[in-house]
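Open the model in your viewer and keep the selection tool at hand. This tour says what to select next and what is there.

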Amino acid sequence: MARHLVTGGAGFIGSHVSEALLARGDQVRVFDSFDPYYDPAIKRATAAELSAQGVEVVEGDLRDADAVARAVEGIDGVVHLAARPGVRASIEDPHTTFAINVTGTLNLLEALRAAGVQRLAFASSSSVYGGDATAPFREAQPASRPLSPYAASKRANELMAATYVELFGLGAIGLRFFTVYGPRGRPDMAIGKFLRRAYLGEAIPLFGDGSVIRDFTYVDDIVRGVVAALDRATPGEFHVSNIGGGATTSMRELLGLIEEVSGVTLEIEQLPAAAGDMPLTHADLTRAEALLGFESRVPLREGLERTAAWTRRALGLG
Ligand SMILES: NC(=O)c1ccc[n+]([C@@H]2O[C@H](COP(=O)([O-])OP(=O)(O)OC[C@H]3O[C@@H](n4cnc5c(N)ncnc54)[C@H](O)[C@@H]3O)[C@@H](O)[C@H]2O)c1
């Protein structure tokens with residue numbers, strides 16, 4: 001039976017990946033620090049749910065090289081999702097972003113080398129396309145003008161993993177996720193926050209004039225991409241691949257859809273445009289399909305309906 005490590009497994013995407021691996025019969029060990037970027041109680045509750053389903057949960061910090069080395073013992077493959085997410089947080093506190101995302105990932109790569117683990121799928125981000133990007137974004141584009149420390153840290157992860165493939169024969173696939181949403185979504189991200197506030201009758205904070213365009217990806221699609229990448233990782237090969245919805249929606253259109261799905265008329269609180277944000281993201285999925293057999297299956301409207309139902313349950317609204 002395959003044994004996999006999921007770093008950041010108590011978080012949004014990691015918890016869904018852990019459940020998908022369990023469901024197909026793999027053994028799963030989660031490594032997570034319950035970082036305070038958002039309420040750690042949410043992550044501890046998720047970890048307790050995973051534990052009850054048979055996941056081994058290890059509390060530890062990527063910045064602690066010894067803890068990371070212990071976490072990879074006896075592991076066949078790794079899904080590396082632990083990170084300090086968030087563009088704005090990285091502008092306010094770039095040192096923490098780099099300590100976790102860059103030094104932490106280096107600790108993991110060193111641990112994999114020492115333990116001889118050869119399969120790695122890891123989270124990169126659509127933000128690596130930065131100022132160079134021409135939509136739809138293709139992996140062959142340069143990605144050398146990141147707009148935030150967060151984007152730079154994710155691009156650094158890709159380059160670091162590529163180096164370990166060259167030097168030590170690791171098999172690694174970096175996945176450029178495009179704005180992910182769904183049940184257990186991060187409370188700092190637009191869709192989860194907007195739905196929660198809609199149901200609670202609170203104003204919706206909107207950065208900029210609503211013209212920012214995003215390629216939103218439902219979490220089940222992301223999970224299929226991650227699991228396919230873990231299975232596809234081949235010693236001596238390095239790849240990056242987009243995992244996105246493949247369609248674009250402006251924030252203004254998103255607000256309209258949220259009104260329709262929730263049945264609530266939204267009160268918008270307009271805020272200045274956020275520094276470091278990409279004005280537009282859009283995934284070209286040609287490589288994801290060729291490399292991973294990936295296709296996006298959940299359209300935004302359907303994903304929003306599922307997320308809205310989960311949000312109502314989480315708020316105790318039935
Ligand atoms: N959600 C998105 O739209 C999106 C888009 C692009 C990329 N990503 C990337 O996907 C990954 C997962 O994101 P998410 O949205 O699930 O975020 P999340 O914050 O819900 O999950 C990250 C998890 O990592 C853990 N963690 C943070 N610092 C740690 C450390 N030092 N040691 C061990 N664990 C630590 C956190 O406690 C958390 O449980 C991240 O790498 C993120 O940068 C996410």
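**Stop 1: a loop with a buried alanine**

Select Ala143: this residue is buried, with 22 other C-beta atoms within 10 Å. Buried means 20 or more other C-beta atoms within 10 Å of a residue's own, exposed means 12 or fewer, and partly exposed lies in between, with C-beta atoms placed from the backbone. This is a predicted model, where local features need pLDDT of at least 70, side-chain atom pairs count only at pLDDT 80 or more, and totals for chains, interfaces and linings use all residues. Residues are numbered from 1 along each chain as its sequence is written.

Check the backbone of Ala143. Its phi is near 55 degrees, a positive value in a residue other than glycine. Ala143 sits in the loop between strand 5 and helix 6 (149-168). Helices (H or I, at least four residues) and strands (E, at least two) are DSSP runs, numbered from the N terminus.

Stay in that loop and pick Pro136. A cis peptide bond joins Ala135 and Pro136, with omega about -10 degrees. Most residues other than glycine have a negative phi, and most peptide bonds are trans.

**Stop 2**

Colour the shell by residue type.

**Stop 3: the largest nonpolar core**

Select Leu112, Leu120, Ala121, Ala172, Val226 and Ala229. They have the most contacts inside the largest nonpolar core, which has 81 residues. Such a core is a set of buried Ala, Val, Leu, Ile, Met, Phe, Trp, Tyr and Cys residues joined through C-beta atoms within 7 Å. Helix 8 (residues 219-232) gives the most to this core, with eight residues.

Zoom in on Val226. It touches Val17, Val79, Ala121 and Leu175, leaving out residues up to four places away in sequence. Contact means that two C-beta atoms, placed from the backbone, lie within 7 Å.

**Stop 4: helix 7**

Go to Arg184, in the loop between strand 7 and helix 7. Arg184 has a positive phi of about 65 degrees although it is not a glycine. With 21 C-beta neighbours inside 10 Å, Arg184 counts as buried.

Move on to helix 7 (residues 190-200), whose buried residues include Phe194, Leu195 and Arg197. The buried residues of helix 7 pack against strand 7 (180-181), strand 8 (204-207), helix 9 (251-262) and helix 11 (300-314). Gly201 follows helix 7, with a positive phi near 75 degrees.

**Stop 5: helix 11**

Where are the buried residues of helix 11? Select Leu300, Gly303, Leu304, Thr307 and Thr311. They cover an arc of only 100 degrees around the axis, which puts them on the same side of helix 11. The arc is that of the directions from the helix axis to the C-beta atoms. On the other side of helix 11, Arg301, Glu302 and Arg313 are exposed.
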